[in-house]
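Student: I have a structure open and would like to learn how to read it. Could you take me through it, one feature at a time?

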Amino acid sequence: MSVIELEDVIKRYQSGVETVEALKGVDFSADRGEMVTVIGPSGSGKSTMLNMIGLLDTPTEGHVHLDARDVTDFSEDELTEERRTGIGFVFQDFHLLPMLTAVENVELPSMWNTSVDRHDRAVELLRRVGLGDRLDHTPDQLSGGQQQRVAVARSLINEPDILLADEPTGNLDQDTGQTILEELTRLKEDENVAIVAVTHDDQMLDYTDTTVRIVDGVIQEVDQP
Amino acid sequence: MAWRNLGRNRTRTVLAALGIVIGVISIASLGMAGAALQQQATSDLGSIGGDVTIASGADSATDGVTRAQVETLRDIVSDAEVVPQKSNSTALTARNGEEARMSVTGVTNAAALYNLTNGDAPNRLASGALISNGTAETLDLELGDPVEYDGQIYRISGFLEESGGFGGGGGQLVLPMSALSEQDGYDTVTVVAGNSDAAAALADVIDAQFNGEDDEELRVSTFGSLDSLETFLNTLNYALLAIGAISLVVASVAILNVMLMSTVERRGEIGVLRAVGIRRGEVLRMILTEAALMGAVGGLIGALGSLLVGLAMFQLLTGNAMAVFNWSSSQYLLFGFAFAVVASVLSGVYPAWKAANDRPVDALRS
């Protein structure tokens, strides 16, 4: 059963007087415990597709299903709620808040929700990504790889169904990137999440279960292992 | 969280808060200055403001106000105290050779007219004398010392409070009515109405009773000008507050600018917050809290600063620094603080709204 599904999604942008069609009828799905990597040249619509999956953007035509529910016509506030409970994000340049410590950054998505205390889980997650001794460091006291691991921990704090990674290794060197990927693979199984990653990084293909190539807004090939 | 966000660009935060501090100080200090002026002016004029002074009119056939007229006055005004006075002037020589000229007032009900710093003002002054405390100092006179007027000796039974504003300067000697018995009518009659409104009303009644259109038997006067002085002081107060408010408006524009800059700068970060599921209302609240904190801290420092300014101002204007804690002036501290918080939150509304409603996709891309 797919946890996320794009059904014939078309996305058009108004760019000046021109209308750009970034996605031209994309079908896509990912399962729990599966890592799907989306590759393609820049401008091919990878990021737009990731935004659709992450409920950050809505399609012009077509449908988005999350956990078999059609969320296409959800309001912004409903989408925010879905993102909060069901989706974790890992960004290329980490996007940690500079004035918060590692553990606070991990707690961030649940910080406004006073009904649950995620502190213990945040500490737990940081331990699991190997940062148990860096809990109270601020981002500028951490290396790039460490920051990305904090970001991975943050994406998992609300026990999401899907983890979206936009070039997760893009700003890291080969070795550090590799540890992050190993981390993701391990967490994918431990947490039973679907990981959808967009990348230019070839080494990522060694870890992925499914590879999707997108060119000019159209999915060209899907490699199943 | 909001607190730490403010801490990130300390210089900018401090400068914006400084704007608020200056705004609050100016609005609160100017307000308090107005209150101090008003208090001082009212205390100067307060005692005589409620009096109606009656003297013989231009068309009167008699010398002074007659006994019969005083009786009629007593009938008309019913409740108010009617105090007839005779006046003259004299020079007193002290044992130490000092000489002082002063006005002499003959009065029976001294209690109704005078405030004493020492001793008692009887409402039937029969034998003693009251003297201005300034004059008493010059002449080295103490309670119980004798003064001579018109061949008679009177013992000093009290000292008069120097009336600050009007009519001050010269010394005053208050004697029993009998001391000036060679005068027939009364030179003036004071009707103690209590406040300036009542005084004005009484003056109208008295004027109507005694005087015809072309016939002024009695000259009736009040310090009705006190009313217009109060109006003037109020206007002045508002003008001062308006000037203060302008500086607070300038300060809130500074806050608007700072909040706008900081949200533009943090656009990507706010995009991340929104992406990970922080609601729009929560982003809005966070930024408004930052603005409110800035306003509260600035307002608090400003209020403390104004308190110092107010203490100095009251010391200078009224000689009583502690009077700053009277509600009439300390209210401006509260107003200043409240204004600062409200202005800050208001100027935080637009940046907060803008940040919260930015689409996360666009914000993340920036």
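Student: Let me start with one residue. Is G132(A) buried or exposed?

Tutor: Keep in mind that this is a predicted model. G132(A) has 11 other C-beta atoms within 10 Å, so G132(A) is exposed.

Student: Where does G132(A) lie?

Tutor: In the loop between α4 (119–128) and α5 of chain A.

Student: What is G132(A) in contact with, leaving aside its neighbours within four places in sequence?

Tutor: L126(A) and R127(A). A102(A) is 30 residues apart from G132(A) along the chain, and their C-alpha atoms are separated by 10.0 Å.

Student: Now the whole chain. How many helices and strands has chain A?

Tutor: Six helices and ten strands. Of its 225 residues, 47% count as buried. Look at the contacts too. Take those in chain A with a separation of 6 or more: 72% of them come from residues 24 or more positions apart.

Student: How do I read a sheet?

Tutor: Start with the general idea. Strands of a sheet pair through backbone hydrogen bonds, either parallel or antiparallel. Then read off the strand order. One open sheet in chain A has four strands, in the order β2-β1-β4-β5, with antiparallel pairing.

Student: Why is one side of β2 (18–31) and of β5 (69–70) of chain A left without a neighbour in the sheet?

Tutor: Both stand at the edges. Each has a single partner strand, so one side of each has no neighbour in the sheet.

Student: Which strand runs parallel to β7 (residues 162–166) of chain A, with five bridges?

Tutor: That is β8 (residues 194–198) of chain A. Within this pair, L163(A) stands opposite I195(A) in β8(A).

Student: How do helices sit on these sheets?

Tutor: Ask which strands a helix lies across, then at what angle. Helix α1 (residues 46–53) of chain A lies across β1, β2 and β4 (61–66) of chain A, at about 125 degrees to β1(A).

Student: Which residues touch the most other members of the largest nonpolar core?

Tutor: V106(A), V196(A), V24(B) and I255(B), in a core of 117 residues. Helix α2 (residues 10–49) of chain B gives the most to this core, with 13 residues. Another core lies apart from it, with 43 residues, including I54(B) and F210(B).

Student: What does V106(A) touch, not counting residues up to four places away in sequence?

Tutor: Among others, A122(A), L125(A), V150(A) and I157(A).

Student: How many residues does each chain bring to the contact between A and B?

Tutor: Chain B brings 17 residues and chain A brings 15. On chain B, α1 (2–8), α7 (267–275), α8 (280–318) and α10 (360–365) each supply at least two residues of the side that touches chain A. α7(B) gives the most, with five residues. Sort the residues of that side of chain B by type: six are nonpolar, four polar and seven charged.

Student: What should I look for in a hairpin?

Tutor: Two strands and the turn between them. In chain B, β6(B) and β7(B) form a hairpin with two residues between them. D150(B) in the turn has a positive phi of about 55 degrees. β6 (residues 146–149) and β7(B) pair in the antiparallel sense over four bridges. E148(B) stands opposite I153(B) in β7(B).

Student: In which sense do β5 (residues 129–132) and β7 (residues 152–160) of chain B pair?

Tutor: In the parallel sense, over four bridges. Here S132(B) stands opposite L160(B) in β7(B).

Note on methods
Residues numbered from 1 in each chain as written. Chains lettered and ligands numbered in written order. Predicted model: local features only at pLDDT ≥ 70, side-chain atom pairs only at ≥ 80, totals over all residues. Contact = placed C-beta atoms within 7 Å. Nonpolar A, V, L, I, M, F, W, Y, C, P; charged D, E, K, R; others polar. Buried ≥ 20, exposed ≤ 12 C-beta atoms within 10 Å, placed from the backbone. Pairing = 2+ DSSP bridges. Axes fitted to C-alpha atoms, helices over the stretch in contact; angles between N-to-C directions. Core = buried A, V, L, I, M, F, W, Y, C linked by C-beta atoms within 7 Å.
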